[in-house]
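Here is a short briefing for a first look at this structure. The sequence and model come first, then the main points by topic.

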There are 4 protein chains.
Amino acid sequence: MGTADSASVTVRGKDLCNDLLGRVDFASMVYLEIQGRLPAESEAQALNAVLVTLTEHGMTPSALASRLTYTGAPESLQGAVTAGLLGVGDVFLGAMEECARLLMTLDEQSAGSEDERIRRLVQERHAAGQRMPGLGHPVHKPVDPRAVRLYEIAAELGIPDTHRRRMERLRDVAEVVYERSPLPINVDGACGALLNDIGIPWQTQRGIAIVARAAGLVGHVWDEIQRPVGATAWRVADEAIPYQAPDGSRD
Amino acid sequence: MGTADSASVTVRGKDLCNDLLGRVDFASMVYLEIQGRLPAESEAQALNAVLVTLTEHGMTPSALASRLTYTGAPESLQGAVTAGLLGVGDVFLGAMEECARLLMTLDEQSAGSEDERIRRLVQERHAAGQRMPGLGHPVHKPVDPRAVRLYEIAAELGIPDTHRRRMERLRDVAEVVYERSPLPINVDGACGALLNDIGIPWQTQRGIAIVARAAGLVGHVWDEIQRPVGATAWRVADEAIPYQAPDGSRD
Amino acid sequence: MGTADSASVTVRGKDLCNDLLGRVDFASMVYLEIQGRLPAESEAQALNAVLVTLTEHGMTPSALASRLTYTGAPESLQGAVTAGLLGVGDVFLGAMEECARLLMTLDEQSAGSEDERIRRLVQERHAAGQRMPGLGHPVHKPVDPRAVRLYEIAAELGIPDTHRRRMERLRDVAEVVYERSPLPINVDGACGALLNDIGIPWQTQRGIAIVARAAGLVGHVWDEIQRPVGATAWRVADEAIPYQAPDGSRD
Amino acid sequence: MGTADSASVTVRGKDLCNDLLGRVDFASMVYLEIQGRLPAESEAQALNAVLVTLTEHGMTPSALASRLTYTGAPESLQGAVTAGLLGVGDVFLGAMEECARLLMTLDEQSAGSEDERIRRLVQERHAAGQRMPGLGHPVHKPVDPRAVRLYEIAAELGIPDTHRRRMERLRDVAEVVYERSPLPINVDGACGALLNDIGIPWQTQRGIAIVARAAGLVGHVWDEIQRPVGATAWRVADEAIPYQAPDGSRD
């Protein structure tokens, strides 16, 4: 992925000092690492917006895991951050990845118009009792303001909208088939569609979330160092969860 | 550490099938991995007792980190367990390691009788405002029943008691110097001293705790799969910890 | 999972000091954590044999990951060990888990005799182009000596052999259907079947491997501290893997 | 760290949709997470340059640990990335952190001019047999081109140069005291000094490296998925490292 001699460093086919440093931002470097090419300016801006969106979600299970780990092992900041990153998995990211994957599969299905393929996809999931990922939110109603903003930004940047439009069609069809309206596109749906539109493979979108969340967790651990709350989290959780003996009796 | 041919497997100089399987227990294998030799029967029994002591400590920060990680990433049991293990660090294990290390340093100090060296050690820590590790407990009073039992077991097994006696002398001197009595030997002090007495280097005692705690955390994750409480821990912690803006204002 | 008052500690419904310490070995504690009950003596012995089998497999990818991590972060033994444990996943453990799961599914299939169900299972996998897990070994021929020894030990202990016999039938049928003979039961097949026979749920067998491998990795890190080879692993790997630019050109 | 209602999300006192998305880049978000305020444009550019510098260093121990972990556990991209991040520790980052810390301590020492304090610092380390961190490089001679470029960028951006100048004085004095010339400022020295100059606390600079390296490791794991080399790394490392029995005999 990189090589060096006495006077230069080459990273992914680019001269680090002359082509990258001072010329491209970190989001472009993230893009280069995954795609093997530098992004267009508009693609870099869009990736920045997604990274900013995913950085900080408050006192999540990941943030708590990092803080609790720090209370036991303050010698290793990297250990505390990674404890939180290990929770960036199927549940936390399921909806974004699944959206991105479903939107990609629409390319592979040959039969029928795109509209017919979208209808079939929604009907099959509904018949199978599966939720449509990327739609609906328990708090943000009637729309998820982050999804609205990401769509605005992408339009302003002139990013091709193949997957964002598909996501809108999925929403329209799902509102009818699932008989729930409104069923707004949420942050997961918007991020997955936009990352697809700038060419990030759905298999690596989890990696985008890991980079963003790493920054958020560094922030949480630094906050924990200055304002410890891990012990409070421990105490209230311990009090709220009763001891249960193997025979089912509780304390 | 191991090698194999078509008919046999060699691990640490032992024939796995003929020398180890069915002949030694897992604690002996742990000992072999660290010491490069099999333990005597009494040493294996003592190590079993320490491992059993360290396995399960209830709803600790480590257990919570494992359960919270599982809620986000149920696809990886190893990720959930390791998130908890990352908290097995300086704070959690500080007292046991520090006890073991201090007890070892008494060998290296040449001047004076052992009793004089112990007095000097306690007085220096007291003068420096440092606590004596391995002594005292907020809940277990006047004695820590686990420490008492580990001492009993070690005596029954006939384990040499060099470090356990030193630990008792440290306690006697500390009760006078720190003017706190009783100041019982706690589980950390008993484990560190006993592991020293069976020849486990203090630098690897953290590894003994990792093995034991791995078993405890597997139990917690399996319990989490059957009786999920991670979401409860998240909710109560999130409620108990106020949002604080960078200017210090709270929500 | 545990609770305490001033004079006692209760773990999984047992009094730690009176029921467990000095009375049960660590393998029994592992069993208690997963099953919520103590094992019979024969079950504990069988679990010890499986744990000993899984502890050390030489310079595996996991061992290398632990050693390489230690070279960068020697301040955290727990970080080095967990880096290795994170590789205890679907590939490394796929065969053992899949064996255990397949053997369990034979209980659930109602139609036909057990023999008919086994034939159907093997034929379906063969038709689907899938390997049979737990059979065959590239080095150990004509038999895997660890599997042979685990079967012997289990028989000597009088452990019920429902799943071990099923595994033997699977082998007999697979040798015919896959037209490969001999196709010996390997260590994965023997461990999965034996853990089934002592009642360890297949979903937690990965946890058994984690506990065993944790001990092996502690041994590797301690060896790395005394006899560093991580730098050698780095150098030879770096030399063996050519730099490849995004356009496919190599250095 | 964040809070939300139906129509808005607040992160670190900022309205995510109106103040951050589309207005600030990801490096600014990293800065906000650590500092609690948004950076000036020049500070954001400087942080981008440091993040780009730290992203990719080729087939490092961290990259190998991630790739080896992926070969065993391909179900968890987050597990593979975190295995590599666990090696981002004292050795890998020691020089950058130590530089940043030493440069900060010059503020705290009251006696003498800054020049006298720098001389004293270098002489004390030399007398103690300690290396000066952030100086010299085995490959990059007579200068480290990355350090030169980072100094250029910082000057163009008009970043205050208190710590960069101190670093240059440290170099000048060290060349005399250690009798080695040239002893160029390397990438660690330049990054530590520049991060100090934009106000990143030295205790969190490890976090900056973690974020950057997370991106590099995502790139390595995605490359491993498409062009597997983990098995090669395993094979050559296993061949290069002889089995050694506990008695010291080798295979």
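Buried means under 20% relative accessible area, exposed over 50%, and partly exposed in between (1.4 Å probe, protein chains only). This is a predicted model: local features need pLDDT of at least 70, side-chain atom pairs count only at pLDDT 80 or more, and totals for chains, interfaces and linings use all residues. Residues are numbered from 1 along each chain as its sequence is written, chains are lettered from A and ligands numbered from 1 in the order in which they are written, and side-chain values use heavy atoms, leaving out hydrogens and water.

**Helix α10 of chain C**
- Helices (H or I, at least four residues) and strands (E, at least two) are DSSP runs, numbered from the N terminus.
- α10(C) spans residues 187-197; 10 of its 11 residues are buried, so the rest of the structure largely encloses it.
- Among the buried residues are Val187(C), Cys191(C), Leu194(C) and Asp197(C).
- The buried residues pack against α3, α6, α8, α9 and α11 of chain C (contact means heavy atoms within 4.5 Å).
- Gly199(C) follows α10(C), with a positive phi near 85 degrees.

**Sheet in chain D**
- Three strands form an open antiparallel sheet, in the order β1-β2-β3.
- β1 (2-4) and β3 (14-15) of chain D are at the edges with a single partner strand each, so one side of each lacks a neighbour in the sheet.
- 3 bridges join β1(D) to β2(D); strands pair if DSSP finds at least two bridges between them.
- Ala4(D) lies opposite Val9(D) of β2(D).

**Chains A and C**
- 100% of the interface residues of chain A are also interface residues in chain C, so the copies meet through the same surface.
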